[in-house]
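The following note sets out points for a colleague who is reading the model alongside its sequence. Each point may be checked against the coordinates as displayed.

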Amino acid sequence: MQKPAPLGFGLGLRPVYYGDILDNKPPVDWFEVISENFMIPGGRPLSVLECIRADYPIVLHGVSMSIASTAPLDFDYLGALKRLAERFQPAFVSDHLCWTGVHGVNLHDLLPVPYTKEALDHVVERIGRVQDFLGRRIAIENVSSYVTFAESEMDEWTFVKEVAERADCWLLLDVNNVFVSGFNHDFAPTEFIQSIDVDRVVQFHLAGHSDQGTHKIDSHDEPVSPEVWALFAEAWRRFGPVSVMIERDDKFPPFPELLAELEQARGIAAAVAAEKIGAAA
Amino acid sequence: MKLADLQAKFQDAVIGEDRAILDSVNPSRRLDRAARFAVYSDAYRLRHASFLAEDYPMLRNAMGEEDFGALVEAYIAATRSHHPNARWYGRHLPEFLTRAEPWGTKPDWLGLALLERALADAFDADDAEPCDVGGLAGLSSEAWPALCFDFQASISLLSVVSGTCAAYEAAAIEAPPPQTASGAETILVWRGKDQQAHYRKLETPEALALTEARAGRSFGAICSMLAFRDKDDAVAERAASLLARWFGDGLIRGIRRDILQS
């Protein structure tokens, strides 16, 4: 199994930054695109994406595949995703290990899965059908969660590892989500990181979170926290080099601040690489 | 519990008051079951309220936080999203305004809601290259009456309470709403060549002419309609000037001949 070549250090493509990107062609290696935002008939978002795609690799990252839902797979949605992928030729197509609704309703949230054998079989079967339909291996992301279920029969990382292995899909490791869920559910984030197969991880997410005291929320409205940077260094040590990107979805800073955060990610990755070379010498 | 039952109970609890799911939720060291689950149910309401606030910013300004908040709460309680893209969640808000008390008696708010929805729809409507007015060059005067026009998918013609455009412009600068007059006004909404959504209020002859032209009537038929209405000798020149403006605004994507007249 040959992992795709790393794309480098990317950012989430958000409308507030269209001008900065189109006018300045900033030193960002690639952009991650929220797939659903471009499943529209026409207009500026699609023409902006055409322009940006001419200069940068992109990844399509969805929020509504609802891979763990017990509702039937939505083939209208998957058809639109396939057409989008054919048009923009992304390096990867990814979505979340979650469900977003049942009975025809979409709650527009990344809802938690009980870590049961039944859920595992269900998710594996559905990823297989999605990959067959799209004609490509997809990447599945671990989500932040705020509850655990009495029904669960295994740890989250065991579930994630099994999903990837049995469905033969890639993993998008969200380092911030590991940290947030670790705090909320009292597990050691490093245990999660160390349990996942190196060969499956093709991408990292980094993001900020909000601290509510009793729990943390994956809010994407703050810079990456020092604890998440430390966990990123550990993840890079195990999985690197892989494609990395920073998500920002609220309280948008000036674009140069995101570039500075991306530089921080590059610096950590370089330091870990130097450390590995030093250890090998 | 089977996965399907767990998801159904979870969803019921996020949307409504049923808390049967709490039997399946583990408490944490710091939070009890209900407080943990509330992260999801609170987020549901906040997220859907933010979709509506993003889609209807001028309506929000015009109504004020209290009234808009009550409308949003009522809409969320009554309306589920059935689309993978949250962009479509708020599209039934204008109809909801007309049938829900106390908002049904406020035609000025309905006008604003319809205008904002049309602007959102125009923004990402289907693409088609606008037709250049040069396409008419070289046509003989005999050919003009049989010409028909195809229009962009982004166009809406709204019939709303008089004063809606003025109310929208006042809301944009957070000024007090102007006094609304009785009667109706027609607003054209479209996506321009700059890829932005635009609007303008139409005088009655242009509203009639554009309605006829979009229905496939020929240039000659539109001139006859205007002449009948206004008893005006210069009707062909006035119709040509409307047509020039439509080309200039990028409303027209194609020209064809009405085979019945050619």
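**Notes on the predicted model**

1. A salt bridge joins A:Lys161 and A:Asp197, with 3.2 Å between the closest N and O atoms. This pair ties together distant parts of the chain, 36 residues apart. A:Lys161 belongs to helix H5 (residues 156-167) of chain A, whereas A:Asp197 lies in the loop between helix H7 (189-195) and strand E7 (201-207) of chain A. The structure is a predicted model, and this should be kept in mind for every point below. Over all chains, a search of the whole structure finds 31 salt bridges.

2. In chain A, 49 residues are in contact with 42 residues of chain B. In general, the size of an interface is often expressed as the accessible area lost when the parts come together. Between chain A and chain B the buried area is about 3,900 Å², and carbon and sulfur atoms give 56% of that area.

3. How many salt bridges are found across the interface of chain A and chain B? The rule finds four. A salt bridge also described by its distance is that of A:Asp186 with B:Arg29, whose side chains meet at 3.1 Å, N to O.

4. Chain B is divided into domain 1, covering 1-105, and domain 2, covering 127-262. Taken over C-alpha atoms, the centres of these two domains of chain B are separated by 40 Å.

5. Within chain B, the axes of helix H2 (residues 33-55) and helix H4 (residues 65-78) come within 10 Å and cross at roughly 120 degrees. The crossing of H2(B) past H4(B) is right-handed. From H2(B), the residues B:Tyr44, B:Arg45, B:His48, B:Ala49, B:Leu52 and B:Ala53 meet B:Phe68, B:Val72, B:Tyr75 and B:Ile76 of H4(B). By class, the residues of this contact comprise eight nonpolar, one polar and one charged.

6. Most residues other than glycine have a negative phi, and most peptide bonds are trans. A:Lys25, which is not a glycine, has a positive phi of about 40 degrees; A:Lys25 sits in the loop between helix H1 (18-24) and strand E2 (30-34) of chain A.

Methods. Residues numbered from 1 in each chain as written. Chains lettered and ligands numbered in written order. Predicted model: local features only at pLDDT ≥ 70, side-chain atom pairs only at ≥ 80, totals over all residues. Heavy atoms only, no water. Domains from an automatic or database assignment. Axes fitted to C-alpha atoms, helices over the stretch in contact; angles between N-to-C directions. Helix = DSSP H or I, 4+ residues; strand = E, 2+ residues; numbered from the N terminus. Left-handed = near helix turned anticlockwise from the far one by under 90°. Contact = heavy atoms within 4.5 Å. Nonpolar A, V, L, I, M, F, W, Y, C, P; charged D, E, K, R; others polar. Buried area = accessible area lost by both parts, 1.4 Å probe.
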